[in-house]
Amino acid sequence: MGRSAAFFDLDKTVIAKSSALAFGRPFYRDGLITRRDVVKSAYAQLMFRLGGTDEQTMTRTRDYLATLCKGWQVEQVRQIVAETLHELINPYVYAEAAALIEEHQAAGRDVVLVSASGDEMVRPIGELLGVSDVIATRMTIEDGRYSGAVEFYAAGPSKVEAVAELAEARGYDLANCYAYSDSSTDIPLLECVGHPTAVNPDRALRKIATENAWPVLEFRHPIPLGRRLRERPAVPVAAAALGVGVGVAIGIAWYGRHRRTRTSPA
């Protein structure tokens, strides 16, 4: 048997929210996002939802996000993430996912986070979870700023290509590997391994999982890291059985909507 790995999607699979949504508020606060961006991003997210996940839609979303981030200082983004990680992400890590990650690591498997969110967000989240291997969207950087181009967009088939490249480099036998995701956009990722599992699946993924007799897990217990360490073992996985990425648009739209709600007259 070759080496094995477990590949985890991030949003709604490992954490109970969009990773990029979580950082939308501090991005707005620090001036990276304007009110105009809120409106444009809300529209872009609506188009993404209505248009589905075809290649053309993903290309438009990728190009929009690249334009949105153009000129941002990379170090500023990293600092925002570092300062807000424990407040905005730590409380939303599923206890079931954390336990499952630990089980794979104890079994000698490498664990890899695979996310369309930006590397500057995903890698620190991985460190929080004790995971050093990350496949995430990478923006082109020039003179310490995002140039407005995307070096690698970790979505759809591109995820599979990156997983295959990593498997070849490390000698993983994909037939012995595991993958976990909540989204139908990751069906190609789930299909490329021998042990696919749907986690909190959307309707389309649930249908595919049922047709293919894939396991389905329901994760329902986000618990901060400190509590998990004090209360081990956390919620058993067996008991649960039954970027900068696309989420940036969701995040700033969410912030704008709630800000308008707070400031509207009674």
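This is a predicted model: local features need pLDDT of at least 70, side-chain atom pairs count only at pLDDT 80 or more; totals for chains, interfaces and linings use all residues.
I start with terms: buried means under 20% relative accessible area, exposed over 50%, and partly exposed in between, with a 1.4 Å probe and protein chains only. Strands (E, at least two residues) and helices (H or I, at least four) are DSSP runs, numbered from the N terminus.

Residues are numbered from 1 along each chain as its sequence is written, and side-chain values use heavy atoms, without hydrogens and water.

**Entry: strand E5**

I looked up strand E5, residues 178–181. Tyr178 and Tyr180 point one way. Ala179 and Ser181 point the other way. All four are buried.

Next I checked the neighbours of E5; two strands pair if DSSP finds at least two bridges between them. Strand E1 (residues 5–9) pairs with E5 in the parallel sense, over three bridges. Ala6 stands opposite Tyr178 there. Strand E6 (residues 195–199) also runs parallel to E5, joined by four bridges. In E6, Pro196 stands opposite Ala179, and His195 stands opposite Tyr178.

**Entry: the whole sheet**

I traced the strand order. The sheet is open, has seven strands and mixed pairing, and reads E4-E3-E2-E1-E5-E6-E7. Strand E4 (145–152) and strand E7 (216–217) are the edges, each with a single partner strand, so one side of each has no neighbour in the sheet.

Arg138 has Phe152 in E4 as its bridge partner. Ala198 has Val216 in E7 as its bridge partner. Four of the five residues of E6 are buried, so E6 is largely enclosed by the rest of the structure.

**Entry: helix H7 and Leu129**

I then looked at helix H7 (residues 119–129), which packs on the sheet and touches strand E2 (110–118), E3 and E4. Contact means heavy atoms within 4.5 Å. The direction of H7 makes about 150° with that of E2. Axes here are lines fitted to C-alpha atoms, for helices over the stretch in contact, and angles run from 0 to 180 degrees between N-to-C directions.

Leu129 belongs to H7. Leu129 is buried, with a relative accessible area of 13%. I list its contacts beyond four places in sequence: Val14, Val93, Ile101 and Leu113. The C-alpha atoms of Leu129 and Glu102 are separated by 9.1 Å, at 27 residues apart along the chain.

**Entry: nonpolar cores**

I searched for nonpolar cores: sets of buried Ala, Val, Leu, Ile, Met, Phe, Trp, Tyr and Cys residues joined through side-chain atoms within 4.5 Å. The largest has 51 residues, of which Phe8, Val14, Phe27, Trp72 and Leu113 touch the most other members. Helix H5 (residues 74–88) supplies the largest share of this core, six residues. A second, separate core has 23 residues, including Val114, Phe152, Leu166 and Leu205. In soluble globular proteins, nonpolar side chains tend to be buried together.

I also listed what Trp72 touches, leaving out residues up to four places away in sequence: Phe27, Leu32, Ile33, Val77, Gly144, Arg145 and Tyr146.

**Entry: rings**

I searched the whole structure for aromatic pairs and got four. Rings of Phe, Tyr and Trp (its six-membered ring) pair if their centres lie within 6.5 Å; planes under 30 degrees apart count as stacked, over 60 as edge-to-face and the rest as tilted.

Phe7 and Tyr172 have ring centres 6.3 Å apart and planes at 75°, so I log the pair as edge-to-face. Phe7 lies in strand E1 and Tyr172 in the loop between helix H8 (157–170) and E5, so the pair ties together parts 165 residues apart in sequence. Both residues, Phe7 and Tyr172, are buried.

Phe8 and Tyr180 are stacked, at 4.5 Å centre to centre with 15° between the planes. Phe8 is in strand E1 and Tyr180 in strand E5, so this pair ties together parts 172 residues apart in sequence. Phe8 and Tyr180 are buried.

I found Lys17 over the face of Tyr92, at 4.0 Å from the ring centre. The criterion is NZ of Lys or CZ of Arg within 6 Å of the ring centre and within 35 degrees of the ring normal.

**Entry: positive phi**

Asp143 has phi near 55°, a positive value in a residue other than glycine. Asp143 sits in the loop between E3 and E4 and is exposed, with a relative accessible area of 82%. Ala213, not a glycine either, has a positive phi of about 60°. Ala213 sits in the loop between helix H10 (203–212) and E7 and is exposed, with a relative accessible area of 67%.
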